Amino acid sequence: MSAPVSSSRVGVWLIGARGSVATTVVAGAAAVTAGLHPPTGLVTETPPFAGSGLPPLSSLVFGGHDTVDCPLPKRAEALAAGGVLPPGLPAAVAAELAAADVEIRPGGPAPGDHRTEDELIAAFAADIQDFVRRCGLTRAVVVNVASTEPAPAGRALPPSSLYAAAALRAGCPYVNFTPSTGLHHPALASLAAASGLPYAGRDGKTGQTLLRSVLGPMFTQRALGVRAWSGTNLLGGGDGAALADPAAAAAKNAGKERVLADTLGTTPEGEVHIDDVPALGDWKTAWDHIAFDGFLGARMILQTIWQGCDSALAAPLVLDLARLTTRAHEAGLSGPLTDLGFYFKDPVGEGPAALGEQYEALVGFAGRLGRSDGAGAQSGLDGSRRQGEPGGAGRLGGSGDACEQGDPGRAGLDGEER
Ligand SMILES: NC(=O)c1ccc[n+]([C@@H]2O[C@H](COP(=O)([O-])OP(=O)(O)OC[C@H]3O[C@@H](n4cnc5c(N)ncnc54)[C@H](O)[C@@H]3O)[C@@H](O)[C@H]2O)c1
């Protein structure tokens, strides 16, 4: 028996809500819902997911945190001018962009903000809980699509970890689409384990690493000896600018290299470089150069060139992850969602590293979600624990509906962890 598709509204709280990926997520969900574009790139719209009981795209309601205040409609116009969004799309989905814009709250910590870590976590969690209440959402997932941070030094929680802790405190599942620390901080390990919430990450696998997770197993299965694997990425946009910081680039490259180690069984010679080329905007060129040995030591080379539109590659994955993670939450799952490794460079938990096997795991997971009654009746879908359901009455409505702009004093009424 397949799970019924829920008719309630589900929140997607984006950290970095005014960035390229987030704006493409909001505009893209609206465009596909309205039938303006086919769901190309949305894995969850393919037949194996039809009976999984995923929330429909039309039920998703967007909000989030950001540290800049550029209105979402204006950000969408800039993306259309750069060829990332189709011309005319920002006007066609203006109502949905405006509705999401109203739900974006100031992020942090801003320079000179002297609040303690706990005060910041409490404030972020209150914003998320306020969103869930005012919009009448059944549940919400927090997805980190903010600028990549350097790996933290010392004990202080980096912003991504403050937001991850806020997601737990607000009773929300959490997805880290970036290489930033998020829930990976040692100080959050016991909180994550005790929260009873599902989570997934890290760092969306959209281009060069996607290709690596296909080609790595090919070399291994054909018994070819990879001697060196080198790569260069040229990109602009906000991500290119953030990754111009060598510490942020190092965090990104660690995930790219993990895929090779996991699929080849060794770490070959070679490095990955990321160059910021502002003129390229959101368009990335990734070049890989693979030196390998064949029969009798014959020396050969494979070169690949990937030219992708980063936000168009990332946005459907964010929508897939939001749908799968909120459905997992509804089904009562908690802990790391290992079966979502298909989507990540550096997946949580122990799972296969080859894309084909990751896809099989994902489809198996989707099938098991479909056999859950939506109230955690089928325990241990993936060996995870079950948990209590957060309250909140569902409300019918489209994603462009405005949420009630209620009394901000109601925010954070139950800041305790669930
Ligand atoms: N596009 C892809 O293919 C892809 C793949 C994997 C991962 N990612 C990751 O997704 C993230 C977003 O990429 P993008 O192209 O949208 O970048 P972007 O620069 O356009 O957007 C990032 C947004 O995060 C905001 N931000 C920065 N610090 C913040 C904070 N402390 N709190 C709240 N918001 C904050 C910025 O103001 C900005 O609006 C990056 O970390 C990138 O590495 C992207």
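Predicted model: local features only at pLDDT ≥ 70, side-chain atom pairs only at ≥ 80, totals over all residues.
1. **Basis and confidence.** Residues are numbered from 1 along each chain as its sequence is written. The average pLDDT of the chain is 88, and 88% of the residues score at least 70. Over residues 375-399, however, the pLDDT is below 50, although this stretch has 57 contacts in the model beyond near neighbours in sequence, a contact being two residues whose C-beta atoms, placed from the backbone, lie within 7 Å. Residues 406-418 also have a pLDDT below 50, with 23 contacts beyond near neighbours in sequence.

2. **Overall makeup.** The chain holds 12 helices and 11 strands, taken as DSSP runs (H or I of at least four residues for helices, E of at least two for strands) and numbered from the N terminus. Of its 418 residues, 52% are buried, that is, have 20 or more other C-beta atoms within 10 Å of their own, with C-beta atoms placed from the backbone. Among contacts between residues at least 6 apart in sequence, 81% join residues at least 24 apart.

3. **Ligand shell.** The ligand is surrounded by 29 residues, of which Gly16, Gly19, Gly107, Gly238 and Asp310 are the closest; a residue is near the ligand if its C-beta atom, placed from the backbone, lies within 6 Å of it. Two or more shell residues come from each of helix H1 (20-33), strand E2 (60-66), helix H9 (237-242) and helix H11 (310-330). By type, the shell comprises 10 nonpolar, 14 polar and five charged residues, where Ala, Val, Leu, Ile, Met, Phe, Trp, Tyr, Cys and Pro count as nonpolar, Asp, Glu, Lys and Arg as charged, and the others, Gly among them, as polar. Since domain 1 (10-204 + 312-410) and domain 2 (208-309) both contribute to this shell, the ligand lies between them; the domain bounds come from an automatic or database domain assignment.

4. Seven strands form an open sheet with parallel pairing, in the order E3-E2-E1-E4-E5-E6-E11, and strands count as paired if DSSP finds at least two bridges between them. Strands E3 (104-106) and E11 (335-336) stand at the edges with a single partner each, so one side of each lacks a neighbour in the sheet. E1 and E2 are joined in the parallel sense over six bridges, with Ile15 opposite His65 in E2, whereas E2 and E3 pair over three bridges, with Asp66 opposite Pro106 in E3. Both faces of E1 are covered, with Val10, Val12 and Leu14 buried on one side and Gly11, Trp13 and Ile15 buried on the other.

5. Helix H6 (residues 159-169) has 11 of its 11 residues buried, so it is largely enclosed by the rest of the structure. Its buried residues, including Tyr163 and Arg169, pack against E1, E2, helix H5 (117-134), strand E4 (139-144), strand E5 (174-176) and helix H7 (189-195). After H6 comes Gly171, which has a positive phi near 80°. In helix H4 (residues 94-102), the buried residues are Glu96, Leu97, Ala99, Ala100 and Asp101, and the buried residues of H4 pack against H1, E2, helix H2 (72-81), helix H3 (89-92) and E3.

Terms used
pLDDT = per-residue confidence, 0-100. Buried ≥ 20, exposed ≤ 12 C-beta atoms within 10 Å, placed from the backbone.
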